[in-house]
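Please look at the model shown here and follow two places in it, one after the other.

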Amino acid sequence: MDAFKLLTRSTKLKPASSAPTSARLPSTGKAENPQLFRNAELDRALAEARQGKKRKRGDAAAAAAADDDDDEAVAVNLDFFNPGKRKRDQASDDEGHDDDEDRSSGGEEEVDEEDSMDDVERRTILNSHKIKVTDLRDWDVLHPTKPAEKPKKKKKKQEAAAAPPVPSKKEQKKARRLYPEPLVSFQELRTKHKISKRLAENVAEQGFTVPTEVQLGTLPLLLGGSKVLGASSSAISADPDLLVVAPTGSGKTLSFLIPVINKILRLHHEQPDERGIFSVVVAPTKELAGQIVNEGRKLVLGTGVKIALMKKGMEVVERGDEDDRAVKTTDILDEDSEEDSSSASDEDEEENTEKKKTRTKAPVTKSDILVTTPLQLVNALSANRTKPLAQLPLVRSLVLDEADVLLDPLFREQTLDIWRSCSHPDMRISLWSATMGSNIEDLVKSTIKERQEFHGLETNSSSPLVRLVVGLKDSAIPNIDHKLIYAATEQGKLLGLRQLLRPATASSSDVRLRPPFLIFTQTIPRAVALHSELLYDIPVEAGGSSRIAVLHSDLSDIQRSEIMKGFRKGEIWILVTTDLLARGVDFRGINGVVNYDIPNSAAVYVHRVGRTGRAGREGGIAVTFYTKEDIPYVKSIANIIDVSEKLRGKTGEKSIQKWLLDALPDLSKNAKKELKKHGVRARQSHNKQTKEEENGKHRPGQTRISTKSGYERRMENKKKGAIAASRKRKDTAVPSGDPGSDEDWNGLDD
Ligand SMILES: Nc1ncnc2c1ncn2[C@@H]1O[C@H](COP(=O)(O)OP(=O)(O)OP(=O)(O)O)[C@@H](O)[C@H]1O
C-alpha cells in the first residue's frame, strides 16, 4: 500500500520517476554510506597507498591477503585481555563463551607494527572526515615546568635566559590537537583493538559496512590498543574521559556501548569474583533509555554481560539495613514529571502524586550495565530521598547520553549526584550529544576535580579529558532538506500542515512529505489538540484515524510503549508529539519532521530535525512553520539551516535568502534564556486565556489549534451543551429543589 497515494486522496499522482527524491527517501531502506563527511577519492588514494606499503614490505602473504581482505591480512595478536603484551596468553572469558573462539582465531603472531598508520595518514583521514580531537587538560598539566634541580649557579643563569616563552593561544590550540589512529573498518575492532570475538561477531551481525565518523574517531580512543599521537608527537595514554559532539543519527550509541561491554568482559576475566554494576548509562527519557537497552542486548548476546533498564522499585545497592527488608516507601516523584521537564518545560505541570505502598525489598540487580533516566537512579540510590545517596563502588564507565540536556539546570543536580556516587578511582566518564553548550566543558572539568577530591582520589593527569567533535559543532546534519515556512497565523499553520498531508492539491514546487513523519508541538495540550484536529484527515481506505497518534509524557508507560511500537512497525504513520521525542530516539525510516511550533532553541531544532536522515540517509525533510509571533525567535533556526546547506555544498537557490537572514532580528541573551525556559509565551497554555491575551497583545484564541473561528466554536459548544443538558433533564428525575442540578451543567464554557 502506498501511504502517500492514499493520503493525497488522489489517483493522479505523478509516477515515482518524476519525483526524483522519492527514490532515495529514508523509508526506502538502508543508506549507501553512513559517513556524512567522506571523500571517496581520498579514501581510494589512501587505500592504494596502504596496499602499496604492504607490498613493499615484501611480505608475500600480506600482499596476497591485501588484495582479498585488507583486515584479514593484518597479522594478529588477539590477546583480548592483555593488550599490552606481544604474545597471546590462552585467555578465556569468565562465561567461557569466547574462550574457544578467541583461541582458535588468536594465533601466536605478533602485531605488525608497520600496519599502524603513519602520522600523515592519520591526519589526512581525520581531517577529511572532519574529526577534531583535542586534549582539554590545563596547559600547566600538559606542559609542567620542570622542578628546579639545584643546578650550578652559572648554569642556572643560562637556563633562566633560555626559559621558553609562554606559547600564544593559537600555538596552545595547535599543541592540544590529537591524532588517534582512526578505525577504518569494523574488523579492526578485533584485529587491532582485540575486542572479544563474540562481541565482534555481534557487531558484524548488525550488517554495518563502514564505521561512521564518530565510531571512526572514538572507538580507538576508548578501546585502547593503538597510539594516540599529539600534534607534537607526544602520546597520551588511552582511556580518557571523553566529551563527544557528533551529528544526530551518526551512531553514537554503538560508539559508547562497544567499549563499555568490552571493558566489562575484561573485568569479568580479570576479577571473576567481582560482580555488580560496572557501567551506568544515563539518558533523559524512558524512550531513549529503552532504546539503548535494546541496542545493548544485541551486542551482549552470548558474552555473559547483562544489561538492564532501570525500573521503579529496582534495588541497585546493598544497604544491609534491616529496615529495608519491608519498607514503606513514598514515591515522591513520578518519573513522568522528570520527562515532562525534558519535553517542554512549560507544559502544564503534572501533579506529583504521592503513592504510599508497602513493598518487599527486591534483590539487588545483577546487571553489569544499568541504563536509566537520572531521577530513577537518584531515587533508588537515596531510597526515594529518605537516605543519604549510596555509592556505586564498582562503576568503571559512566555514560551521559544527550549530556547537554542532562547537565542542563533541569537535570543537573540529579546527574551530578549520580556522577559523584561513582566512587571507583578508575571510573571514566563519557559525554555524548549532537550539541554541547560552551559552559559544559568547564562544568565537566570542575566536576571531575570535585569528584576526585570528594572520594580522596589522586588527581591523575594521565587520564586526560579529551574532546572529539565531528563536523561543525551544534549544526544540523547536512543530508536533509530544510523548509522554513511563514504561515502568518495559527490557522495558516494548520492549513499548511493539511497541504503537506495532501500534497496533490498543492503546486508542484511545494514540499512533499511522505509518511512516516513526526510533528512537534510546544506543549502537551497543543499536541493533543493538533492530534484531534487531524484525526479525520486520513482517509478510511488508508486506515483512518488509526494512522495518526499522539505521544507525550502524560500518557501511561504502557500507552507510550504501545505507540512507539506502532510507529516503529509502520502501523502509525503520523506521530504528533512534544520534545519528549526530540532527542536520541531512532526511527530509522522517518521521511520527515514537522516543527508545527518552532523549537525553544537552536539546539532543540538540531535534535528534532535529526530524527530524519539517520545514518546518512538522504531525502529527509524538515519543515518549520512560523507565525507573526515567532518572528523574533526564528533567526537562530535560519542560521542553522544556512550553515547546514553550506556544509552540504548546496548549489542553486538557498532555502534561506540572505535578505531574510539580515532582516530577522537577533535575540538578546535574556530573551534566549526565557524562550528556552518557557517557549513562545503566546502559545503557552492552550485553550486558556494567556497573559498576552489578557494584556490585549494577542486576540483571544489566536494561538488555538483549530481552523474554526471562535464564533463557530462557541456556537457549537452552546449547541452541544444544550443537547447534553436536555438529555440530562430527560434521563434523571431531578428531585424538586435540588440545588446541584443547575450548577453541574457547564456546557457554555467557551
Ligand atoms: N556504522 C554504521 N553504519 C550504518 N548504520 C549505523 C552505523 N552505526 C549505527 N548505525 C545506525 O544509525 C542509526 C542511528 O544511530 P544512533 O541512534 O546511535 O545515533 P546517535 O548518534 O545516537 O543519534 P542522536 O544524536 O539522534 O541520538 C541507528 O539506526 C543505528 O543502527
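Predicted model: local features only at pLDDT ≥ 70, side-chain atom pairs only at ≥ 80, totals over all residues.

Residues are numbered from 1 along each chain as its sequence is written, and side-chain values use heavy atoms, with hydrogens and water left out.

Around the ligand there is a shell of 21 residues (each with a heavy atom within 4 Å of it), and the closest are G249, K252, T253, D586 and R614. Because domain 1 (176-317 + 363-470) and domain 2 (481-503 + 511-682) both give residues to this shell, the ligand lies between them; the domain bounds come from an automatic or database domain assignment. An oxygen atom of the ligand is 2.9 Å from an N or O atom in the side chain of R611, and a nitrogen atom of the ligand is 2.9 Å from a polar backbone atom of V210.

S644 is buried, with a relative accessible area of 0%, where buried means under 20% with a 1.4 Å probe and protein chains only. Although S644 and A476 are 168 residues apart along the chain, their C-alpha atoms are separated by 5.7 Å. The side chain of S644 also reaches the backbone oxygen of I477 at 3.3 Å.

Key:
Polar contact = N/O pair within 3.5 Å; in protein donor to acceptor, adjacent residues only side chain to side chain. Buried < 20%, exposed > 50% of the residue type's maximum accessible area, 1.4 Å probe, protein only.
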